[in-house]
Amino acid sequence: MRDFFIKSFESLIAIIIIISAVGTVIAGFATMFSEGFFQGIAVLIFGALYTVVLGGGLYLAFGIYHNTKRTADAVERMAQK
């Protein structure tokens, strides 16, 4: 059951990143046509930076979980020897 939730969270992270990227592109183009070209470029640049930071933070937190789990498994195997 735990593995189901972990895999679901991995999928959820990927979906959040994809939605954030698509939203950034749509908002950037909408801003280009309504407010001005340079404002639209700024939305695209800062939106892309936000998406990268958001995704990096989520994947970093998830990587820490996996590393902790592997370390605990390794310590458990060493304790059994």
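A residue is termed buried when its relative accessible area is under 20%, exposed when over 50%, and partly exposed in between (1.4 Å probe, protein chains only). The structure is a predicted model, in which local features need pLDDT of at least 70 and side-chain atom pairs count only at pLDDT 80 or more, while totals for chains, interfaces and linings use all residues. Residues are numbered from 1 along each chain as its sequence is written, and side-chain values use heavy atoms, with hydrogens and water left out.

The buried residues of α2 are Gly 40, Gly 47, Thr 51, Gly 55 and Phe 62.

Thr 51 counts as buried because its relative accessibility is 10%. Apart from its neighbours within four places in sequence, Thr 51 is in contact (heavy atoms within 4.5 Å) with Ile 17, Ser 20, Ala 21 and Thr 24. Phe 46, which also belongs to α2 (residues 37–80), is by contrast exposed, with a relative accessible area of 58%. Between Phe 46 and Ala 21, which are 25 residues apart in sequence, the C-alpha to C-alpha distance is 11 Å.

In helix α1, which spans residues 2–34, Phe 5 is partly exposed, since its relative accessible area is 49%.

Technical notes. Helices (H or I, at least four residues) and strands (E, at least two) are DSSP runs, numbered from the N terminus.
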